[in-house]
Amino acid sequence: MQRVEKFLKEAGTYYLATVEGDQPRVRPFGTVNIFDGKLYIQTGKVKEVSKQIHANPKVEICAFKDGAWLRVAGELAEDDRREAKQSMLDAYPSLQGMYSADDGNTEVFYFKSAKATFSSFMGAPETVEF
Ligand SMILES: Cc1cc2nc3c(=O)[nH]c(=O)nc-3n(C[C@H](O)[C@H](O)[C@H](O)COP(=O)(O)O)c2cc1C
């Protein structure tokens with residue numbers, strides 16, 4: 001999990017895919033944080049992405065860095081605890097102008113099950129599950 005967090009942070013931007021009915025949806029994301037032994041991402045409840053995750057928590061992330069790419073496929077769960085949101089905001093001070101733990105909008109999800117695959121053109125893919 002630490003290796004996944006490090007890759008995503010170093011990549012800076014990853015792409016989060018959700019499903020809306022039978023239509024895939026994808027957008028750039030950047031937030032990633034390990035809290036309480038789990039890998040979290042952050043969004044806002046007002047966003048379509050949030051509504052899609054609540055309707056269908058199966059998502060996939062893809063990021064690319066230095067000739068290698070990472071895909072994380074799994075299922076998200078919301079964590080409504082204030083401390084989980086605050087930990088994320090502490091990791092991203094730049095978000096604190098837009099979000100706060102008590103604003104009723106900030107939302108964090110953790111991967112309740114995930115299969116992460118590190119790939120490159122150089123060798124065989126490596127998979128970790130958490
Ligand atoms: C580099 C980059 C990183 C972003 N990171 C996040 C993020 O971590 N969380 C988030 O909610 N939105 C983030 N956004 C904004 C979303 O991509 C944007 O709000 C998008 O429209 C949300 O998807 P939706 O329109 O399907 O709801 C980021 C945008 C960019 C360009």
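Tutor: One term to begin with. Two residues are in contact if their C-beta atoms, placed from the backbone, lie within 7 Å. Also, keep in mind that this is a predicted model.

Student: Okay, contacts. What do the buried residues of α1 pack against?

Tutor: They pack against β1, β4, β5 (58-65), β6 and β7.

Student: And which residues of α1 are buried?

Tutor: Helix α1 spans residues 2-11, and V4, F7 and L8 are buried there. Viewed down the axis of α1, the buried residues fall within an arc of 95 degrees, so they line one face of the helix.

Student: What sits on the face turned away from the buried side?

Tutor: Exposed residues: Q2, R3, K6 and E10. Just after α1 comes G12, with a positive phi of about 85 degrees.

Student: Let's zoom out. How many helices and strands does the protein chain have?

Tutor: The chain has 3 helices and 8 strands. Along the sequence, the pattern reads α-β-β-β-β-α-β-β-α-β-β. The radius of gyration is 14 Å, close to the 14 Å that the globule rule gives for 130 residues, so the chain is as compact as a globular protein of that length.

Student: What box do the C-alpha atoms fill?

Tutor: Roughly 45 × 35 × 25 Å, taken along the principal axes. Buried residues make up 26% of the 130 residues.

Student: Give me one pair. How far apart are L16 and I61?

Tutor: In sequence, 45 residues; in space, 4.6 Å from C-alpha to C-alpha. L16 is in strand β1, residues 14-20.

Student: Is L16 buried or exposed, and why?

Tutor: L16 counts as buried because it has 23 C-beta neighbours inside 10 Å. The cut-off for buried is 20 or more. Leaving out residues up to four places away in sequence, L16 touches V26, R27, F29, V49, V59 and I61.

Student: New topic. Which residues touch the most other members of the largest nonpolar core?

Tutor: V4, L39, Y40 and F109, in a core of 26 residues. At least two residues each come from α1, β1, β4, α2, β5, β6, α3 and β7. β7 gives the most, with 6 residues.

Student: What does F109 touch?

Tutor: Not counting residues up to four places away in sequence, F109 touches Y40, I41, I53, L76, A77 and E78.

Student: Now α3. Which residues are buried there?

Tutor: Helix α3 covers residues 82-91, and A84, K85, M88 and L89 are buried. They cover an arc of only 135 degrees around the axis, which puts them on the same side of α3. On the other side, R82 and E83 are exposed.

Student: And what covers those buried residues of α3?

Tutor: The cover includes β3 (33-35), β4, β6 (68-79) and β7 (106-120).

Student: Last one: the ligand. Which residues come nearest?

Tutor: G30, T31, T43, K47 and E48, out of 13 residues around the ligand. The elements that give two or more residues to this shell are β2 (23-29), β4 (38-44) and α2 (48-55). The largest share, 4 residues, comes from β2.

Student: How many nonpolar, polar and charged residues are in that shell?

Tutor: The shell has 3 nonpolar, 6 polar and 4 charged residues.

Terms used
Residues numbered from 1 in each chain as written. Predicted model: local features only at pLDDT ≥ 70, side-chain atom pairs only at ≥ 80, totals over all residues. Rg over C-alpha atoms; globule rule 2.2 N^0.38 Å. Buried ≥ 20, exposed ≤ 12 C-beta atoms within 10 Å, placed from the backbone. Near = placed C-beta within 6 Å. Nonpolar A, V, L, I, M, F, W, Y, C, P; charged D, E, K, R; others polar. Arc of directions from axis to C-beta. Core = buried A, V, L, I, M, F, W, Y, C linked by C-beta atoms within 7 Å.
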